[in-house]
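Biologist: Hello! Could you pick one part of this model and take me through it closely, giving the cut-offs behind each term as you go?

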Amino acid sequence: KLLLEDIQLLKPTTLMVVPRLLCKIYDQIVSKSSEAGFFWWTLYNMGLNGKLSNLHDNHTVWHETWDNLIFENIKEKLGGRIRYMLCGSAPI
């Protein structure tokens, strides 16, 4: 129950997860973003689309505007130091 709180407290640099945990994290992000109202939800979706476009165009996940504006909060919820996430045990 307290796994995400433990992650935030321990601040790992590498995280090994199963798809179910990734779904849980994703569900919390989507839930919090949609509860924050239409403006925040729209901004979140614009940021996500901007990062995906940047990934396809430049082959990098860093997007200065969206990372600083939106995704820094999500990064901090996961401890702020994660550099790698490994997923195993089932198809994503």
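Modeller: Gladly; what follows is a close look at the side chains that link helix α3 and helix α4.

A word on the basis comes before the details. This is a predicted model, in which local features need pLDDT of at least 70 and side-chain atom pairs count only at pLDDT 80 or more, while totals for chains, interfaces and linings use all residues. Residues are numbered from 1 along each chain as its sequence is written, and side-chain values use heavy atoms, with hydrogens and water left out.

Helix α3 covers residues 38-58 and helix α4 covers residues 64-77; helices here are DSSP runs of H or I with at least four residues, strands are runs of E with at least two, and both are numbered from the N terminus.

Let's start with the rings. The structure holds two aromatic pairs, where rings of Phe, Tyr and Trp (its six-membered ring) pair if their centres lie within 6.5 Å, and planes under 30 degrees apart count as stacked, over 60 as edge-to-face and the rest as tilted. W41 and Y44 make a stacked pair, at 5.7 Å centre to centre and 25° between the planes. These two residues are three apart in helix α3, which puts about one helical turn between them. Y44 also pairs with F71: the centres are 6.0 Å apart and the planes meet at 55°, so this pair is tilted. Because Y44 belongs to helix α3 and F71 to helix α4, the pair ties together parts that are 27 residues apart in sequence.

Y44 has a relative accessible area of 5% and is buried, whereas W41, at 28%, is partly exposed. F71 is buried, as is Y44.

F71 leads us on to the charges. The charged end of K51 sits over the ring of F71, 5.4 Å from its centre; the criterion is NZ of Lys or CZ of Arg within 6 Å of the ring centre and within 35 degrees of the ring normal. K51 also forms a salt bridge with D67, and the closest N and O atoms are 2.5 Å apart. The term asks for a side-chain nitrogen of Lys or Arg within 4 Å of a carboxyl oxygen of Asp or Glu. The pair links distant parts of the chain, 16 residues apart, with K51 in helix α3 and D67 in helix α4. A search of the whole structure finds one salt bridge. Both partners count as buried, K51 at 18% relative accessibility and D67 at 7%.

Put together, then, helix α3 and helix α4 are linked by the ring pair of Y44 and F71 and by the salt bridge of K51 and D67, with the charged end of K51 over the ring of F71.

Conventions. Buried means under 20% relative accessible area, exposed over 50%, partly exposed in between (1.4 Å probe, protein chains only).
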